[in-house]
Amino acid sequence: MDPSFVQNLHDLLVQSTANDTVQLKAATAQLNQQYYKNPACIPALASIIASSPQEAVRQLAGVEMRKRVLNNSGSLWIEVPQDQRDQIKQQLPDLTLSESSKIVRHSTARVVAAIATIEVPLGTWPQLLPFLHQTATSVQVAHREVGIYVLYTVLENIIEAFSNELQSLFKLFESLLNDPESEEVRITTVRCLGVIAQYIDSDDKKDIQAFRALLPAMINIIGQCVERGNEAGARQLFDVLETLLILEIPILANHIPQLAQFLLQCGGNTNYDPDLRILALNALNWTVEYKKSKIQSNDLAPVILQGLMPIACEPEPEDVDDEAPSRSALRAIDTLATQLPPSQVFPALRQLIQQYFSSPDANSRRGAMLALGVAVEGCSEFMTPLMDHIWPFVEAGLKDPDASVRKASCVAVSCLCEWLEEECAAKHAVLVPTIMQLVNDPATQRSACTALDALLEIMHDSIDQYLGLIMERLAVLLDSAPLPVKAVVTGAIGSAAHASKEKFLPYFVPTMDRIKHFLLLTGEGEETELRGITMDAIGTFAEAVGKETFRPYFPDMMKQAFQGLEMGSARLRECSFLFFGVMARVFGEEFAPYLPSVVPALVASCQQAEQGSEPLSLTTAEAAAAFGTGTSPANAIVIQDGAEGTTIDIEDLDADVDKMLDVNSAIAVEKEIAADTIGALFASTRNHFLPYVEQTTLELVGLLTHYYEGIRKSATESLLEIVRVFHELSGSGPWTPGMASVNAPYLDANVKQLIGHVLPPLLDMYESEDNKSVVSALCVGLAETINEVGPAFLADHLEDISNMAIQVLEQKALCQQDPDQDEDEEAPEDQAEYDSVLISAAGDLVSSLANVLGADFAPAFTRFFPLISKYYKKNRSLSDRSSAIGCLAEIIGGMKGAVREWTEPLMELFYKALSDDEAEVQSNAAFAAGLLVEHSDVDLSPQYLQILAQLHPLFVVAPDAPGPRFNARDNAAGAVARMIVKNTGALPLDQVLPIFIEALPLKNDTLENRPVFRAILHLFKTNPQVLHPYMDKLLAVFAYVLDPSRTEQVQEDTRAELIQLVGALSKEDPAKVQAAGLTPFVVG
């Protein structure tokens, strides 16, 4: 080895460690050009590691040597003469042992691992593993620390080479987990096990068993780190735990109760460092999310809630962005509510809320209100019948003497409004005055405005009586409040516009004058937020007042939106994209001139790399989880090093990973909105968007593999929207249901080509998709598209799409799988409300197949009927029961006469559903029974009296009854109408008609007007005298549905027939027709 080569290299490394930027650049350029491409640099760097007196230089030499060894798959290392390679392999492990600096030991250990990556698989370094074993079991603690760390780095790189050594490694780790002298040895051993776990196969029962035996010791070591305040060690160990939780092998299965208890104890111990408590609570959150079947089967939710509530009631930091144990505890309550059946969560939580809300301690009352708020999302359906018991707490909380409790109650109201719209809107008389009082109080102003925003969003016509008062008060705040309050006030005014529609007109211009200067704000943080919310609100104003009133503002507001794109803020770009989507909806094809500027911005957003998105070497599950929680397994993150694509471990860098993830989050949300806006623009601008279809489709297809589920969902929805709109514009001919149409030539060739680009990647995405909301969106989007495009959409993919629906209904899709559940084990019937959403979406998909295949769906129905009907059981949720019956109804409508052989079992099921406790289920059952009577070839007239007896209670509805009761009455009327048309003679009309006609006009489900008027017209033609006693009522009904302002009531063909009937009746009794206000409809 040339001594001058080594010395010059050493000098350049010294220069590289200087703080002088000019020197650093010069040294880096010289190193890259003259040294690092020469294989001689590797032994030279090894020599520098061994001899340099400067720690920083030895450490840098280790980092650079590792990169050179790994460069180009080890080609530079292979060029080093064999004798020098052997010498390095012999000396480097000993050098690592003798090195006094920990950071240098670590960088040198990684060089050993890099060399092992190349040499061990070739069988050319047999001495390494015995050396590591000997060192790790040395009597000298320093040697054990080095030995286990080197082993850890080697395992990270070439675990496969040790697959036959796992049992002996487990024995080694068993002793090292109990190292009496070194916490570092114990921690690194746990990290080794974290690496090994990722390579154990689910069939390797012996390895799983050996690993499980070590779990108590591993958990104990995490506890030691937390207790001693070793934050760095604890972070590394919680990363390992999170890795074990997301693995698809049941390593942790039998230990979940103990693990949950341990994490609760760590998270709840106020003597521990708050950051470490947060780590423990985040790990508990992951445990609930990824091991929910074990949490559910062991009924752990009540115990976990019992432990979380005191933590949720701890004082909160002032800054909303600061992490705190209380906030982590609330996040865990939210996860319990969304991941588990609400029957396991809400009863226990409700008791705790009652207990804590009755406490004299304000923090306890505040925690109770916040716990209620976070639980609503996952328990809304379960909570609905209990709301009469819950409102007193909320109302008391809004009037609590302590401001923090009042603010928390406002948060709870916001959550309730989002998930329980009807129930909250019905409470407007109490909520609006109470919240307006809190708006006037500076201590609660911001939270109250947020609650008011959420309430106004859902109030609809009820807002009229409050609009003047609300706008007067909010206008004052726009002028006087601090910036953060102005932002929520602006949002609340947007919601007021949304609810009041054209009644907002008197406030439109004054409000625009008050807020337009917010669009000139250019500062970061609060100014950015206010500018963005103002843009959103102005879009809502435009939809409320209509395009003609908004037109004078349109060009200038578009200019402001384009400026928002140029300000370097992901949040403002997101708001501009939303604004473009709204403007396209309002102005339709008039928006087209802006497309050449808007579409490139959307495409650029889709193409942009998130900061650190290349460096984040994460699996989809890890990245998605990191995105969702703001934490990330550090051992899975590597930073790219220039063009060579080699990596440096995160431990070697002072990188702010959390900040990187925050930036990623903002850009990812921006991309999500951009992807969503693409579909919205095509739907609104129609033919004008055609030049952009190919480019945007390709961009959206590229996003289907993005790590963030929100982007995958938006891309899925927009791609299917594009197919539907493209089909509408193509002029493709009409289709007839049936297998013969699957390959029929009715479909335009360009539509067929577009489907060929879109559908295969969507189906590929499904195979690896682990997020339920994305699969739900895919099922619903496919259903809409199949119904629009027809049977030809299914060409070549009918089996794939059918299998997707079957897998979801069997709860065996990837996103439903639980590694702790045996393959042949039935999923529990009691499930989270989000799981029910997915089942309902799969039902929509099955219905669409029946709709386009018609009678040819019959063979498939043999498979689908038991899968769907099993969701109608008394112990299933309302959503499951309702969607099962609704799905079967839609299938009957698609199959028509081919449903014959299933008539009896279907009718039997519908009888049960008509007796259900819930009006929503009864409504679907009435609809389904009517369709079965209409379409089945089996004569059901012998059962008419039984059907009528089941339908009769649905016609009795109190004036103040909830909406589903009126829906049920409308569907019962539709069912009776179908029975009349099918076999009039089998009905006791003298008993049926008074009840039937009294239920008219339909108020909720106007689609049932079609069978209703078909029945009435049928009776007028075949048996008119039976209707004479009801003529006054019927004429009033005709006047109601023919009113030009109620165009949604009847379709054109029904309308024409009714007008014809009115003309005929006018000839018989013109005075009655005139008295009913029907004269304008009398022709000639």
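## Basis of the model

Residues are numbered from 1 along each chain as its sequence is written. In this predicted model, local features need pLDDT of at least 70, side-chain atom pairs count only at pLDDT 80 or more, and totals for chains, interfaces and linings use all residues, while side-chain values use heavy atoms, without hydrogens or water.

## Overall build

The protein chain has 51 helices and 2 strands. These are DSSP runs numbered from the N terminus: helices are H or I with at least four residues, strands are E with at least two. The radius of gyration is 34 Å, close to the 31 Å from the globule rule for 1084 residues, so the chain is as compact as a globular protein of that length. The radius is taken over C-alpha atoms, and the rule is 2.2 Å times the number of residues to the power 0.38. Along the principal axes, the C-alpha atoms fill a box of roughly 120 × 70 × 65 Å.

Of the 1084 residues, 57% are buried. Buried means under 20% relative accessible area, exposed over 50%, and partly exposed in between (1.4 Å probe, protein chains only). Among contacts (heavy atoms within 4.5 Å) between residues at least 6 apart in sequence, 73% join residues at least 24 apart.

## Helices α35 and α37

The axes of α35 and α37 (residues 749-768) come within 10 Å and cross at roughly 10 degrees. Axes are lines fitted to C-alpha atoms, for helices over the stretch in contact; angles run from 0 to 180 degrees between N-to-C directions. The two helices are therefore roughly parallel, a label for angles under 35 degrees.

Val693, Thr697 and Val701 in α35 meet Leu754, His757, Val758 and Pro761 in α37. By class, this contact has 5 nonpolar, 2 polar and no charged residues. Ala, Val, Leu, Ile, Met, Phe, Trp, Tyr, Cys and Pro count as nonpolar; Asp, Glu, Lys and Arg as charged; the others, Gly among them, as polar.

## Backbone features in loops

Most residues other than glycine have a negative phi, and most peptide bonds are trans. Arg686 has a positive phi, near 55 degrees. Arg686 sits in the loop between α34 (657-685) and α35 (693-703). At 21% relative accessibility, Arg686 is partly exposed.

Asp796 also has a positive phi, near 70 degrees. Its loop runs between α38 (772-789) and α39 (798-809). At 72% relative accessibility, Asp796 is exposed. The Leu1000 to Pro1001 peptide bond is cis, with omega near 0 degrees. Pro1001 lies in the loop between α47 (989-998) and α48 (1009-1022).

Key:
Angles under 35 degrees count as roughly parallel, over 145 as roughly antiparallel, 65 to 115 as roughly perpendicular and the rest as oblique.
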